[in-house]
Amino acid sequence: MRLTYLKLETFMIKIARTRADEVGCDDCAKHSARLVDALMQGNVNEQELQDLLLHVLQCLPCAEEFQILRDCARMDTEDSWPSEDALWRKIEREG
Ligand SMILES: [Zn+2]
């Protein structure tokens, strides 16, 4: 009985530790801009950023959000935002 209890306790501690290290969607949303910056610079050496990236790769909603952020960052860098006219034409065509 005592052994089982101890085992269970160890198990709980392990779960708690895993959870503490795990990046959640909230963390992801908070830091995704930083991750985009890091990726654009090709510098993702920080453990924290790697954990974030891992979450993005495993979590579909975060992956979609991240994709949009990265597209925006890329257009910023390349200065390739569509012109206002082009945007309106696109909206009219699709509407
Ligand atoms: Zn997520």
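I count two residues as in contact if their C-beta atoms, placed from the backbone, lie within 7 Å. The model I am reading is predicted.

**Entry 1. Overall make-up**

I first looked up the secondary structure. The protein chain has 5 helices and 0 strands, and along the sequence the pattern reads α-α-α-α-α. I then took the contacts in the chain with a separation of 6 or more; 59% of them join residues 24 or more positions apart. Of the 95 residues in the protein chain, 9% are buried.

**Entry 2. The core**

Which residues form the largest nonpolar core? I find 7 of them: V23, C28, L35, L52, V56, C62 and F66. At least two residues of this core come from each of helix 2 (25–40), helix 3 (47–58) and helix 4 (60–78). Leaving out residues up to four places away in sequence, V56 touches C28, C62, A63 and F66. C28, C62 and F66 are also listed in the core.

**Entry 3. Helix 2 against helix 4**

I noted the geometry of this pair next. Two packed helices are described by the angle between their axes and the distance between the axes. For helix 2 and helix 4 the angle is about 35° and the axes are 10 Å apart. Their crossing is right-handed. On the helix 2 side the contact is made by C25, C28, S32, A33, V36 and M40. Helix 4 contributes P61, C62, E65, F66, L69, R70, A73 and T77. I sorted the residues of this contact by type and got 10 nonpolar, 2 polar and 2 charged.

**Entry 4. Length of helix 4**

I checked the span of helix 4 against expectation.

**Entry 5. D79**

Where does D79 sit? I place D79 in the loop between helix 4 and helix 5 (84–94), just after helix 4. Its phi is near 55°, a positive value in a residue other than glycine. Most residues other than glycine have a negative phi. Is D79 buried or exposed? I find 6 other C-beta atoms within 10 Å of D79. The cut-off for exposed is 12 or fewer, so D79 is exposed.

Note on methods. Residues are numbered from 1 along each chain as its sequence is written. This is a predicted model: local features need pLDDT of at least 70, side-chain atom pairs count only at pLDDT 80 or more; totals for chains, interfaces and linings use all residues. A nonpolar core is a set of buried Ala, Val, Leu, Ile, Met, Phe, Trp, Tyr and Cys residues joined through C-beta atoms within 7 Å. A residue is buried if 20 or more other C-beta atoms lie within 10 Å of its own, exposed if 12 or fewer, and partly exposed in between; C-beta atoms are placed from the backbone. Helices (H or I, at least four residues) and strands (E, at least two) are DSSP runs, numbered from the N terminus. Axes are lines fitted to C-alpha atoms, for helices over the stretch in contact, and angles run from 0 to 180 degrees between N-to-C directions. A crossing is left-handed if the near helix is turned anticlockwise from the far one by less than a right angle, and right-handed if clockwise. Ala, Val, Leu, Ile, Met, Phe, Trp, Tyr, Cys and Pro count as nonpolar, Asp, Glu, Lys and Arg as charged, and the others, Gly among them, as polar.
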